[in-house]
Amino acid sequence: MRLFTIAALALLLQGAVLAQSPAPSRIEYVRFLQAAETRKLLGMGGKHLYVARKNGQVDVLDAGQNGQVLLSLQAKDAGGRTLLVQPEAVAVSADTVYVVDSEENRVVMYGLDGKYKGRFGGRSSEGGLSSPQGIAVAGGIVYVADTGNRRIQMYGDNGVFLATLPIDRAPANK
């Protein structure tokens, strides 16, 4: 039930954006894209697919004709410190790619060019994350599905903690 609630929130956020465009009348198979050494599809932003590799790196694929790797979001920073171990989901804003990592319990920010911009979350008391699984961006607010703590954490688009939305405590969720 908990995962359904978190997924439902993400779908509602995406639905608000999709509601502004006409719905497709039917969906067809388009083509196969090869993505070697991948662990999972994390999400889509614009005409790009974000795919997690087994080593923690996230590849950005062209969802167009060829499906080639355009760039990679590195799993380690320039100093060799770990940024990503187990990426779970991606959200893309106008200038930032947000990657949520369930192993490191944080969100890592990259520019659209793939350059590391910073991170937030961790296991601190205020705004801390425990096994985050999903992420969405809307109206300058980053919503993180903090599944280990059974809540949605809200951050500014720069990673500053704003507020918490409890999930299991709401009477409608019982």
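Predicted model: local features only at pLDDT ≥ 70, side-chain atom pairs only at ≥ 80, totals over all residues.

Let me begin with L73, which, leaving aside its neighbours within four places in sequence, is in contact with Y50, Q57, V58, V60, L84, V97, V99, Y110 and G114, where contact means heavy atoms within 4.5 Å. Residues are numbered from 1 along each chain as its sequence is written, and side-chain values use heavy atoms, with hydrogens and water left out.

L73 is also one of the residues with the most contacts inside the largest nonpolar core, which has 14 residues; such a core is a set of buried Ala, Val, Leu, Ile, Met, Phe, Trp, Tyr and Cys residues joined through side-chain atoms within 4.5 Å, and buried means under 20% relative accessible area, with exposed over 50% and partly exposed in between, using a 1.4 Å probe and protein chains only. Two or more residues of this core come from each of strand 2 (48-53), strand 3 (58-62), strand 6 (96-101) and strand 7 (106-111), strands being DSSP runs of E of at least two residues and helices runs of H or I of at least four, numbered from the N terminus. A second, separate core of 12 residues includes F120, L129, I135 and V144.

Within strand 3 we find D59, which is buried, with a relative accessible area of 6%. The side chains of D59 and Q57 are joined by a polar contact of 2.9 Å, that is, a pair of N or O atoms within 3.5 Å, of which, within protein, one must be able to donate a hydrogen and the other to accept it, residues adjacent in sequence counting only if both atoms are side-chain atoms. Not counting residues up to four places away in sequence, D59 touches L49, Y50, V51, R53, V69, L71 and S72.

How is strand 7 placed in the structure? Six of its six residues are buried, so strand 7 is largely enclosed by the rest of the structure. R106, V108 and Y110 point one way from the strand, and V107, M109 and G111 the other way. Strand 7 pairs in the antiparallel sense with strand 6 over six bridges, pairing here requiring at least two bridges found by DSSP, and G111 is the bridge partner of T96. The hairpin of these two strands has four residues between them, with N105 taking a positive phi near 55 degrees. With strand 8 (residues 116-121), strand 7 pairs in the antiparallel sense over five bridges, V107 standing opposite F120, and in the turn of that hairpin G114 has a positive phi of about 90 degrees.
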